[in-house]
Amino acid sequence: MAKVRGAVTVNTERCKGCNLCVVACPSKVLDLQQKEVNNRGYHFAYMAQPDKCIGCQSCSLVCPDACIEVYRVIEK
């Protein structure tokens with residue numbers, strides 16, 4: 001049986017670092033980049049623990065700027 005895992009892409013230039021996605025993630029996959037900022041000066045979200053993503057889309061639903069996309073990847 002194939003295993004399904006999640007994958008998150010963040011549009012780092014649109015992200016304003018509001019931290020809502022980090023709080024909404026039940027698997028604690030996302031975090032804010034501490035050392036880097038985007039062109040607008042914000043610390044942006046990234047996948048800190050990509051192996052834990054379950055593809056639930058909670059992060060993308062709470063993102064006010066719609067800069068998060070969630071995919072489901074099938075592993076064979």
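These exercises explore a predicted model, each with a worked solution. Local features need pLDDT of at least 70 and side-chain atom pairs count only at pLDDT 80 or more, while totals for chains, interfaces and linings use all residues. Residues are numbered from 1 along each chain as its sequence is written, and side-chain values use heavy atoms, with hydrogens and water left out.

**Exercise 1. The core**

Which residues of the largest nonpolar core touch the most other members?

Solution. 
- Start with the term. A nonpolar core is a set of buried Ala, Val, Leu, Ile, Met, Phe, Trp, Tyr and Cys residues joined through side-chain atoms within 4.5 Å. Buried means under 20% relative accessible area, exposed over 50%, and partly exposed in between (1.4 Å probe, protein chains only).
- Now name the residues. The largest core has 16 residues, and V8, C21, L30, C59 and I68 touch the most other members.
- Helices (H or I, at least four residues) and strands (E, at least two) are DSSP runs, numbered from the N terminus.
- Take one member, L30. Neighbours within four places in sequence aside, L30 contacts V8, C21, V22, C25, Y46, M47, A48 and C59. Contact means heavy atoms within 4.5 Å.
- Keep the general pattern in mind. In soluble globular proteins, nonpolar side chains tend to be buried together.

**Exercise 2. The cysteines**

How many disulfides does the structure hold?

Solution. 
- A disulfide is a pair of cysteine sulfur atoms within 2.5 Å.
- The structure holds zero disulfides.
- Check C15. Its nearest cysteine sulfur, that of C67, is 4.6 Å away.
- Check C59. Its nearest cysteine sulfur, that of C56, is 6.4 Å away.
- C59 is buried, at 8% relative accessible area.

**Exercise 3. A helix residue**

Why does L61 count as exposed?

Solution. 
- L61 is in helix 2.
- L61 counts as exposed because its relative accessibility is 69%.
- L61 and A24 are 37 residues apart in sequence, and 9.0 Å apart in space, C-alpha to C-alpha.
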